[in-house]
There are 2 protein chains.
Amino acid sequence: MAPFPTPTDIRSATELGSGPPTAAALVVGDELLSGKVREANVEVLARALRELGVLMRRVVIVMDDVNVIAEEVRSLSCGHDWLFTSGGIGPTHDDLTIEGAARAFGVPVVTSSVLADRLRKHYGSECTEAHLRMALVPSGAALESVSDAHWPAIRLNRTWLLPGVPEAFRMKIPAIMARVRLATPACPFVSHAVHVRLDEGRLKPMIDSVVSRFRDVAIGSYPRWVEDGALTKLTFDGLDETRVIEARDALVDVLPPGEIDAVE
Amino acid sequence: MAPFPTPTDIRSATELGSGPPTAAALVVGDELLSGKVREANVEVLARALRELGVLMRRVVIVMDDVNVIAEEVRSLSCGHDWLFTSGGIGPTHDDLTIEGAARAFGVPVVTSSVLADRLRKHYGSECTEAHLRMALVPSGAALESVSDAHWPAIRLNRTWLLPGVPEAFRMKIPAIMARVRLATPACPFVSHAVHVRLDEGRLKPMIDSVVSRFRDVAIGSYPRWVEDGALTKLTFDGLDETRVIEARDALVDVLPPGEIDAVE
């Protein structure tokens, strides 16, 4: 594996290309792939990124395998402005994300003196070597938190190494929001929707006529099964609110009167 | 993209290597990556595969992009015994999985006369060209169902193209179970667990002593935050029940008496 540039500070997201900044998530854990635990962090992250105007393009869930983690961190961090990992950062043998990320970036794993001090304070005389493993970080990592009361998140340049336990993951969102806002011009996505009492087969020609005129608006069609027939939710998403509303209204104009359930 | 061998019949999973047969899932949908909809099919699939003794090794969630879908189908179907896609198989412009899978395998998209007949019967005089798009399949695909009452699942050799709507996805599980059982020797995973009132930092040396002796058992450690302190769930998974139970009992033997909450 060729060495990756040593992480320094965050570059402006817009340096990496035009369009909205992009993100990927790498979720680590055998328990998710075996169906023993239901994944709960991707949705929370997705909503936060959406609010920031960051486009999440890919999520990969892998097993607790340090080589696989290293390969994915390397590949996903190169292809996206931000990478967020979830899981595998505790002290036990199946916690391999810190080591995997360090390998991906070609840096050693070191003890953060800040984290080690906090662990020693917290556990007092009961602090073990295993507890102190929670102070291990890839060399060059920054610690991010919005308050000293919280355990900080680990960030290595544009890659965040986050805990898998959902309660702990959620607590890192404010620090992510604060830091990403510093690097990214705030430009949240705008969403509108129309709910229609028609199935997709009937709707398709009407949708197509709007899709062809609004290439800059992402138009989605989501059927639902309801007791008294079809119900389809049509969504309109983009960065330019005027265009998003124009696309929504263009569809409303071509729908048969009386079949519209709601316009959002 | 080099052409992929034309799909014929299913080879025995064990032809592809030793160990349990493996699977991957490709989940398609902008709505999942934007946090508008919570993914609900991976867990259902994971549980079914576990019951079949199939190891799900990777899940990838991507946007509605035909090139990305084609590339992922190609890559995931090569690296795993089974691939299951979820989403993007309806009639609208954002339904691109049939086309993506066809490109991945180098086959054309064709109309299934069986599915077209069923659609014409169902919709009668209201059947549109758009409805008939739901009869499109990659050439060479098989239709799988356990009963004529159900809409069949589309299978192209070892790749299943499944709907994203959770109710529809769930209805395909019996057909998957039946077909995978035909190709795979039934050898379900065995799981046991110990719940301990100790944190991972305290537990680590005890866990490590068992991990080193039971390399054939996957041992997982999952902390939970509870009001009156730490609670850790230790899981023991494998194909050989005797070894799994031996590993669990070996851990129970080294735990401090009185700290065990439950043994499963």
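In what order do the four strands of the open sheet of chain B stand, and in which sense do they pair? In this predicted model, the order is β10-β11-β9-β12, and the pairing is antiparallel. The edges of the sheet in chain B are taken by β10 (218-226) and β12 (260-263), each of which pairs on one side only, and the twist from one strand to the next averages 20 degrees. Within this sheet, strand β9 (residues 190-196) of chain B runs antiparallel to strand β11 (residues 229-238) of chain B, and the two are joined by seven bridges; V196(B) of the pair has T232(B) in β11(B) as its bridge partner. Helix α9 (residues 241-254) of chain B lies across β9, β11 and β12 of that chain, and runs at about 10 degrees to β9(B).

Chain A likewise contains an open sheet of four strands, in the order β10-β11-β9-β12 and with antiparallel pairing. Because β10 (218-226) and β12 (260-263) of chain A stand at the edges and have a single partner strand each, one side of each is left without a neighbour in the sheet. Three bridges, in the antiparallel sense, pair strand β9 (residues 190-196) of chain A with β12(A), and here the bridge partner of V196(A) is I260(A).

The two chains meet in an interface in which 58 residues of chain B are in contact with 58 residues of chain A. The area buried between chain B and chain A is about 4800 Å², of which 57% lies on carbon and sulfur atoms. Of the area that chain B buries against chain A, 13% is supplied by R38(B), H93(B) and W225(B), more than by any other three residues. Six salt bridges are found across the interface of chain B and chain A; a salt bridge also links D237(A) with K36(B), with the closest N and O atoms 2.5 Å apart.

Over all chains, a search of the whole structure finds zero disulfides. As for individual cysteines, C78(A) counts as exposed because its relative accessibility is 54%, and C78(B), at 53% relative accessibility, counts as exposed as well.

How values were computed
Residues are numbered from 1 along each chain as its sequence is written. Chains are lettered from A and ligands numbered from 1 in the order in which they are written. This is a predicted model: local features need pLDDT of at least 70, side-chain atom pairs count only at pLDDT 80 or more; totals for chains, interfaces and linings use all residues. Side-chain values use heavy atoms; hydrogens and water are left out. Two strands pair if DSSP finds at least two bridges between them. Axes are lines fitted to C-alpha atoms, for helices over the stretch in contact, and angles run from 0 to 180 degrees between N-to-C directions. Contact means heavy atoms within 4.5 Å. A disulfide is a pair of cysteine sulfur atoms within 2.5 Å. Buried means under 20% relative accessible area, exposed over 50%, partly exposed in between (1.4 Å probe, protein chains only). Buried area is the accessible area (1.4 Å probe) that two parts lose on being put together, summed over both. A salt bridge is a side-chain nitrogen of Lys or Arg within 4 Å of a carboxyl oxygen of Asp or Glu.
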